[in-house]
Amino acid sequence: MKVTVMERIEDKLYQNRYLVDTGRPHIKVRPHLSPSPNLLALTEICPAKCYEVNDAGQVEIVVDGCMECGTCRVLCEANGDIEWNYPRGGFGILFKFG
Amino acid sequence: MSEEKFDAIVVGAGMSGNAAAYTMASSGLKVLQLERGEYPGSKNVQGAILYANTLETIIPDFRDDAPLERHLVEQRFWIMDDTSHTGMHYRSDDFNEQRPNRYTIIRAQFDKWFSGKVREAGGTVLCETTVTKLAQDLSGKVIGVHTDRTGGVILADVVVLAEGANGLLGTRAGLREMPKPEHVALAVKEMHFLPEEIIAERFGLTEDEGCVIEAGGTISRGMAGLGFLYTNRESISLGIGCLVSGLASTMEKPYALLDAFKGHPSIRPLIAGSEIKEYAAHLIPEGGFKAIPQLFGNGWVVVGDAAQLNNAVHREGSNLAMASGRMVGESIFHIKCRGGAMTKQNLSLYKSMLDKSFVMKDLRKHKDMPALLHTNRQSFFTTYPKLISQAAQNFVRVDGTPKIESEKATSAAFIKARSRWGLVSDAVRLALAWR
Ligand SMILES: Cc1cc2nc3c(=O)[nH]c(=O)nc-3n(C[C@H](O)[C@H](O)[C@H](O)COP(=O)(O)OP(=O)(O)OC[C@H]3O[C@@H](n4cnc5c(N)ncnc54)[C@H](O)[C@@H]3O)c2cc1C
Ligand code: SF4
């Protein structure tokens with residue numbers, strides 16, 4: 001018997017505590033016509049599913065669920081696809097257990 | 001504050017930063033520690049196993065008040081395929097010793113405790129403060145830091161970069177390179193809460209005893225990766241990590257890997273009925289010895305994960321972080337005592353201490369492992385686990401097949417999958433990398 005119950009990522013992130021710095025996203029995607037392979041990969045491999053492809057085929061980010069892991073930075077900062085900073089002190093993810 | 005000058009500024013209040021700040025503060029240096037989290041630990045993620053011996057050299061009586069979960073009496077290594085696991089269990093009552101060797105911890109609580117010790121020792125700890133940039137003079141010497149608080153540069157003789165796996169400052173200042181996707185793993189983790197008695201019963205433990213499982217195999221879907229399950233007092237830490245390069249090429253969703261691991265028939269019953277209270281993600285440095293960057297320069301030193309001091313083979317990171325933090329603290333104290341300046345030449349003392357310690361010796365020993373696992377990931381993480389499961393099943397299942405035939409079938413399966421030469425060369429390469 002094989003049962004794999006897939007939970008929605010939203011439900012996972014819902015458990016977490018965040019202090020969102022409204023209007024000051026700490027990661028930005030550089031405007032582009034078509035995304036690079038690495039940028040496109042982030043729509044699948046970002047553990048918080050922050051990246052999505054919009055109707056025009058470009059990759060967008062909503063940082064609210066971001067866990068500040070740095071995966072997107074490692075893949076996409078060097079080639080200029082994204083601009084990555086830590087949130088202001090005290091903002092962002094607040095792990096209760098870690 | 002900008003008028004004041006510190007002996008040392010420590011960036012980060014994780015394992016390495018706390019060890020460095022504590023060592024310096026308790027030897028009387030004027031230390032400022034900056035942490036971007038709301039409290040120390042609020043940004044940190046670990047499995048987490050604490051190795052007592054490293055902490056003991058820093059705080060000998062830590063057991064009196066540190067928040068420890070369970071001391072470990074049992075370790076399981078599992079090789080998994082989709083429906084089975086083949087395992088080795090090691091359990092010993094010897095681990096029920098006076099001063100246990102390994103404990104599980106919860107980082108948010110542990111880091112808060114450790115940071116409290118820094119304060120008690122006289123260090124100044126400022127949380128909710130993100131360091132945005134290193135301050136350098138015209139010669140490139142690091143002279144302090146800029147933060148996101150108002151006020152100018154905060155000056156210090158030396159800055160200790162304890163900023164963790166995803167450290168921005170050192171890379172931005174050109175002191176080291178950004179980690180490569182094949183040198184870092186992304187781990188995702190959940191905290192599963194269960195009553196203490198249920199955990200004890202499911203794992204055959206008494207009160208304080210703990211058990212850990214490290215698992216490899218098809219759960220990482222052909223990527224170099226590992227799963228883990230650690231028992232805390234009333235929760236289970238469960239997670240899986242894979243190299244970022246692997247994720248980028250397979251486009252696997254980390255949370256889908258985690259859900260599949262949780263749903264595996266060998267894991268599912270262990271966490272059944274639990275309440276999940278947190279989902280976390282963090283990078284782990286996996287590049288090993290060959291990925292270690294320059295560790296010191298004029299006015300700066302780097303410790304812990306930021307310096308890639310992480311032993312992926314043995315799943316040790318926090319103790320290398322604490323050990324490097326302590327050695328940096330001792331080196332800086334030593335240089336101060338002689339009245340020396342925090343020059344690159346003087347700070348090389350840190351590197352020579354590190355070289356003589358278990359930190360560099362262990363990392364050097366396994367220097368070929370990361371590349372071996374990375375380039376042979378199909379065999380090590382898919383082919384062998386499947387073969388091992390098949391072999392175990394051939395051995396155990398009684399179905400009227402003569403033993404000689406099932407043994408033949410087993411070896412034929414291995415040879416078919418990897419060829420005789422492939423098997424021998426995998427074994428030799430593994431042995432050489434381990435040596
Ligand atoms: C899932 C997982 C499981 C693990 N399991 C184990 C295990 O069982 N045993 C083990 O020994 N190791 C384990 N490790 C490794 C271990 O967690 C690390 O090696 C260890 O935490 C490294 O300590 P550190 O001080 O170098 O970095 P961290 O503990 O990451 O601390 C870095 C600190 O710096 C702060 N910081 C960063 N940048 C700034 C800035 N610009 N301004 C201010 N503050 C900043 C961060 O907020 C953080 O507090 C695990 C790691 C992970 C991710
Ligand atoms: S830092 Fe991690 S969680 Fe945040 S957006 Fe990047 S990949 Fe996603």
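This is a predicted model: local features need pLDDT of at least 70, side-chain atom pairs count only at pLDDT 80 or more; totals for chains, interfaces and linings use all residues.
Tyr255(B), Glu278(B) and Tyr279(B) supply 16% of the area that chain B buries against chain A, more than any other three residues.

Across this interface there are 7 salt bridges, each a side-chain nitrogen of Lys or Arg within 4 Å of a carboxyl oxygen of Asp or Glu. One salt bridge joins the side chains of Lys12(A) and Glu190(B), at 2.6 Å from N to O.

Turning to the ligand, 14 residues surround ligand 2, each with a heavy atom within 4 Å of it. The closest are Cys46(A), Cys66(A), Cys69(A), Gly70(A) and Cys72(A).

As for confidence, the predictor gives the complex an ipTM of 0.94 and a pTM of 0.94. Chain B averages a pLDDT of 93, on a scale of confidence in each residue from 0 to 100.

Residues are numbered from 1 along each chain, and chains are lettered from A and ligands numbered from 1 in the order in which they are written. Local features need pLDDT of at least 70, side-chain atom pairs count only at pLDDT 80 or more, totals for chains, interfaces and linings use all residues, and side-chain values use heavy atoms, leaving out hydrogens and water.

Note on methods:
pLDDT is the predictor's confidence in each residue, from 0 to 100. Buried area is the accessible area (1.4 Å probe) that two parts lose on being put together, summed over both.
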